[in-house]
Amino acid sequence: MAAAYLTHQQKVLRLYKKSLRHLESWCIFRDKYRFYACLLRARFDENKNEKDMVKATKLLKAGEEEFWAKQHPQPYIFPDSPGGTSYERYNCYKVPEWVLDHWHPSEKAMYPDYFSKREQWKKLREKSWDKEVAQLQAETPAGGPRTEALPPARKEGDLPPLWWQYVTRPKERPA
Amino acid sequence: MPSLHIILTTSFIITLVILISPVFTSILYKSLNPIWHTHHIKTAVKMAFFTSLLPLFLHVHTGTELTITNLHWMNIMTFDINTSIKLDHLSITFVPIALYVTWAILEFASWYMKSDPNINQFFKFLLIFLIAMVTLVTANNMFQLFIGWEGVGIMSFLLIGWWWARADANTAALQAVLYNRVGDVGLIFALGWMATNLNSWEMQQMFITAKSLDMNAPVIGLILAATGKSAQFGLHPWLPSAMEGPTPVSALLHSSTMVVAGIFLLVRLMPLMQDNPFALTTCLILGALTTLFTTICALTQNDIKKIIAFSTSSQLGLMMVTIGLNQPYLAFLHICTHAFFKAMLFLCSRVIIHALKNEQDIRKMGGLHYLIPTTTSCLTIGSLALMGTPFLAGFFSKDAIIEALNNSYLNAWALALTLLATSLTAAYSLRMIFFVYMNFPRFPALSPINENIKSITNPLKRLAWGTILAGLLMTCAVLPPKPPMLSMPPYIKLTALVITILGLTIALELALFTNKQRPYMPKQYFYFSTMLGYYPTIMHRFFPYTFLKLSQTIASMTIDQTSLEKTGPKTITSLNLSLATTTSNIQKGMNKTFLSLFFTTLMIIILLNYY
């Protein structure tokens, strides 16, 4: 269950992962990287059974400071990740689905099957919308949603909440 | 011979018509045809290239140059503005080269941008850019040049921000516009100065009337314009950021054509500067500083496009050094040869990036010479030409520049910086080659890598031929206007070659060191180079913060506070309040005190009067 605060385990694992990523940025060749990654893992494993939380927190703090001092100024970022070279690049081609309603009838006539099905789906959407909202209102805790994950449909014959946004989402890489 | 002039004029006008016609056909006809761009624009540029070869051959064979003035545009008292096209050595040589490079890039882009739904618009933008560039290059007056200048700036903005949904691309496009605008201030100042003092914007008249005047002010304006457009130190950060645009844009605009517009302006207006030692020294120092600084930045970059971008900036600095040496022909020769191999380097980098599914970091490349041999061979040829390997294109221009620099009695500091930059050019080129296609692959095994597509190999091969032959052809075909120094001691003649080999050797040793088991602790100069000299970090925060803070102070403190509080209603209120308070405080009901004071004063006056 996700909460507002990170556990100690989460913090240590995040430090470990980002240390490995920056190590990968420094050690370009895989054999050298593997060697230093093993040394790093050994350093983390030395203190993994520490039961005293004060000492563990101090070790974590020292680790974060060492990471800050030794981080790579241009860490490797995957192209599709935030900060990467092709992040958000294709968002300009991701058109929302309501644009289809504004097509000219002659253009809609080129795809009769799809648009006839679309009318049925829109009616289905209108019918299920109130139930979706009711389910979300019932299931969302008072302080707001804890995660972005949507719940599945709970009752027989219901559709999952916000299914229309999911079904009509644009492709990851629009052609 | 008048018939030669007619042939020259006609063929050039035909070239322009071939280039401009697709813009109009796209307005008249709906370009919904998915291969409209290939049929119309790429073919138009190809035909325009072949048509522009005729003036080139005529010029080389007979030395014909001419100026075509055909439209009296406007007239303000004694000030005339005409549309006039100057076909001299510079424009006749540059236009075919620009068209050849553009043809290769458009053919490549027809493959690379095939899946883009707006490919027709993309090609149209590139064509409009090319027309603006040709306008700039063939302008015989400053007004027409300014139209081309602004045109290339605007198209650069539109093309860098092609993927407009990406925040970094929008930032980069704005950066390009703002930095270019700062440089344009210099150009506009120079235009105004020339209009008021030389009473003309026609180049011939300007050169004649400027002989007796002090030209420091307009020339500094022109150098500022070149600094902005050609990414010299101070106004350089936009060029690496411009790599956010698609690679055909980087290959055409930000390596071969647009960025050389600033240098081209200075070459065109060299008669105004050649007797001005202050201007020449400024160019020399600025160019030397730029070339070394950007080379140092290129040494530690990990994005392949950024390495090539900094390489471009470094070569532009070298061109500025050549202007400072009073060798405009050599600067122009370097512009022409540089166009070939730099465009080829960008296209090769795009093939590699596409093969690795948009991976641009050289730390995740490697072992590609088995997989894409043609591309890596072209990358090698381009890098060798960039380093000035004997008898490739770059050699004829770069070696001549270094020789001229060595033999001049100008600034030794500039010479030292330029030689160091030449050595480091070899270093970063080798570093790029080492990480990109030597050793073993460091990328995940993805879908098969294929370069066996005509649209990729044909442009690369054409540009490779250009890289190998262009320098030789240009040097053999045209005599330089200034005789070069032909006899010099061997150590001066071989300086460029020796320091390049030295840079290569040291870089190879250091590169081979990177996969040895030795912990690596970076030093401060590594951080200096990786963070691009801290220049963007400081400048992109300091100036906007200062100006916005100042404008906030002016708007809120100066205007609002002054008009409302210091001089306006609140001041009146406080003054009135203090007067009223003082007055009412004086009269506190101390009647006995007031009466006794009154009578005392009265008695004193009566007694004084009496006596």
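Tutor: B:His338 has a relative accessible area of 0%, so it counts as buried, the cut-off being under 20%. The model is a predicted one, and the values below are computed from it. B:His338 sits in helix H15 of chain B. Its side chain reaches the backbone oxygen of B:Ser255 at 3.4 Å. Leaving out residues up to four places away in sequence, B:His338 touches B:Ser255, B:Thr312, B:Gln315 and B:Met319.

B:Ser200 is placed in the loop between helix H6 (167–197) and helix H7 (203–209) of chain B. With a relative accessible area of 4%, B:Ser200 is under the 20% limit and so is buried. The side chains of B:Ser200 and B:Gln205 are joined by a polar contact of 3.4 Å. Not counting residues up to four places away in sequence, B:Ser200 touches B:Phe79, B:Met194, B:Ala195, B:Gln205 and B:Met206. B:Phe79 is 121 residues from B:Ser200 in sequence, yet their C-alpha atoms are 6.1 Å apart in space.

B:Asn276 is the other one, found in the loop between helix H12 (270–273) and helix H13 (277–298) of chain B. Its relative accessibility is 8%, and B:Asn276 therefore counts as buried. The side chain of B:Asn276 makes a polar contact of 2.9 Å with the side chain of B:Asn216. Apart from neighbours within four places in sequence, B:Asn276 is in contact with B:Met215, B:Asn216 and B:Val219.

B:Pro490 belongs to helix H20 of chain B, residues 490–493. B:Pro490 and B:Ser408 are 82 residues apart along the chain, and 16 Å separates their C-alpha atoms.

Most residues other than glycine have a negative phi. A:Glu88 is not a glycine and has a positive phi of about 65 degrees. A:Glu88 lies in the loop between helix H3 (53–70) and helix H4 (105–108) of chain A, and is partly exposed at a relative accessible area of 27%. In chain B, B:Asn439 has a positive phi of about 60 degrees, although it too is not a glycine. B:Asn439 is in the loop between helix H18 (412–437) and helix H19 (454–477) of chain B, and is partly exposed with a relative accessible area of 26%.

That leaves the interface between the chains. In chain A, 31 residues are in contact with 38 residues of chain B. The size of an interface is often given as the accessible area lost when the parts come together. Between chain A and chain B the buried area is about 3,000 Å², with carbon and sulfur atoms giving 55% of that. One salt bridge is counted between chain A and chain B: the side chains of B:Lys364 and A:Glu24 meet at 3.2 Å, N to O. There are also 17 residue pairs in polar contact between the two chains, with both residues at pLDDT 80 or more. On the side of chain A that touches chain B, helix H1 (8–26) and helix H2 (30–46) of chain A each supply at least two residues. H2(A) gives the largest share of that side, five residues. By type, the residues of the side of chain A that touches chain B divide into 16 nonpolar, eight polar and seven charged.

Technical notes: Residues are numbered from 1 along each chain as its sequence is written. Chains are lettered from A and ligands numbered from 1 in the order in which they are written. This is a predicted model: local features need pLDDT of at least 70, side-chain atom pairs count only at pLDDT 80 or more; totals for chains, interfaces and linings use all residues. Side-chain values use heavy atoms; hydrogens and water are left out. Contact means heavy atoms within 4.5 Å. Buried area is the accessible area (1.4 Å probe) that two parts lose on being put together, summed over both. A salt bridge is a side-chain nitrogen of Lys or Arg within 4 Å of a carboxyl oxygen of Asp or Glu. A polar contact is a pair of N or O atoms within 3.5 Å; within protein, one must be able to donate a hydrogen and the other to accept it, and residues adjacent in sequence count only if both atoms are side-chain atoms. Helices (H or I, at least four residues) and strands (E, at least two) are DSSP runs, numbered from the N terminus. Ala, Val, Leu, Ile, Met, Phe, Trp, Tyr, Cys and Pro count as nonpolar, Asp, Glu, Lys and Arg as charged, and the others, Gly among them, as polar. Buried means under 20% relative accessible area, exposed over 50%, partly exposed in between (1.4 Å probe, protein chains only).
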